[in-house]
Amino acid sequence: MALRSPKQRFAIFAASTAVAAGGVLLPTSAFAASATPHVGTVTTIAATQGSQGQQDAADPAEKWVETTDAPSGITFKLPGKPSVQEFSETGADGTTITGRQYMLAGTDGVVTAFVVYDAPGTQENLKNGLEGVRETFSTEFGETATSTSGKKTTVDGNPALHTDLSTKDDDPQTGSACIIAEENHMVHVLTLGDAADEKAVDEMHQQTLDNVHTPSSSGSSGSSGTSI
């Protein structure tokens with residue numbers, strides 16, 4: 001079987017995370033009748049782009065594309081035009097979580113996923129979302145995958161949890177995941193790139209977070225750095 005490239009592996013990880021996290025955000029009762037959630041559905045949709053144009057992956061210091069997730073009103077920027085997929089996850093009792101995933105594989109080798117879930121931004125969902133990301137990352141990248149314990153932070157005034165991701169295989173990767181609890185939505189921001197470019201990967205992830213704007217926010221940002 002042909003080996004997948006880091007980009008392909010991350011794309012699978014991000015897609016799996018989108019559906020899996022949708023499952024953990026469902027009420028516990030949704031899975032009372034079944035230990036395994038129903039398979040989520042994914043549909044390609046169009047993004048609403050901002051005024052900066054629809055460039056391909058570009059220099060992160062100069063050409064970031066603003067995108068608005070229309071159902072939630074959440075606005076963010078990525079260094080290029082992302083591909084977009086809509087997904088849904090249905091529990092055993094018929095409860096469904098829907099959302100959109102915006103994916104960008106940059107020419108610099110850095111891959112970014114921005115995922116919006118139509119689920120309340122509760123503390124429980126925040127912690128469940130972080131655990132879902134960590135578990136899915138470990139499943140996709142195997143024994144070489146590691147992640148740090150969650151650190152409390154804020155993004156655009158919203159509570160958030162951050163974890164660092166890394167692999168130690170023949171093609172080591174480094175990255176981050178940030179789970180944001182907006183009043184009416186959950187947001188996952190995932191970034192991964194070559195370990196040799198760790199500084200650039202970290203800067204891209206932080207710049208993505210610095211350009212997130214949510215309708216319910218107070219407009220402030222920052223990190224407390226408190227582990228949980």
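The model is predicted, so local features need pLDDT of at least 70 and side-chain atom pairs count only at pLDDT 80 or more, while totals for chains, interfaces and linings use all residues. Residues are numbered from 1 along each chain as its sequence is written, and side-chain values use heavy atoms, with hydrogens and water left out.

Three salt bridges are found in the structure (a side-chain nitrogen of Lys or Arg within 4 Å of a carboxyl oxygen of Asp or Glu). R100 takes part in one with D69, where the closest N and O atoms are 2.8 Å apart. This pair links distant parts of the chain, with R100 in strand β6 (residues 96-105) and D69 in strand β3 (residues 65-69), 31 residues apart. Helices (H or I, at least four residues) and strands (E, at least two) are DSSP runs, numbered from the N terminus. R100 is buried, at 2% relative accessibility, and D69 is buried too, at 0%; buried means under 20% relative accessible area, exposed over 50%, and partly exposed in between (1.4 Å probe, protein chains only).

R100 also pairs with D118, the closest N and O atoms being 2.6 Å apart. D118 lies in the loop between β7 (111-117) and α2 (123-141) and is partly exposed, at 26%.

V212 is buried, with a relative accessible area of 3%. Its contacts (heavy atoms within 4.5 Å) include I74, F76 and F114, residues up to four places away in sequence not being counted.
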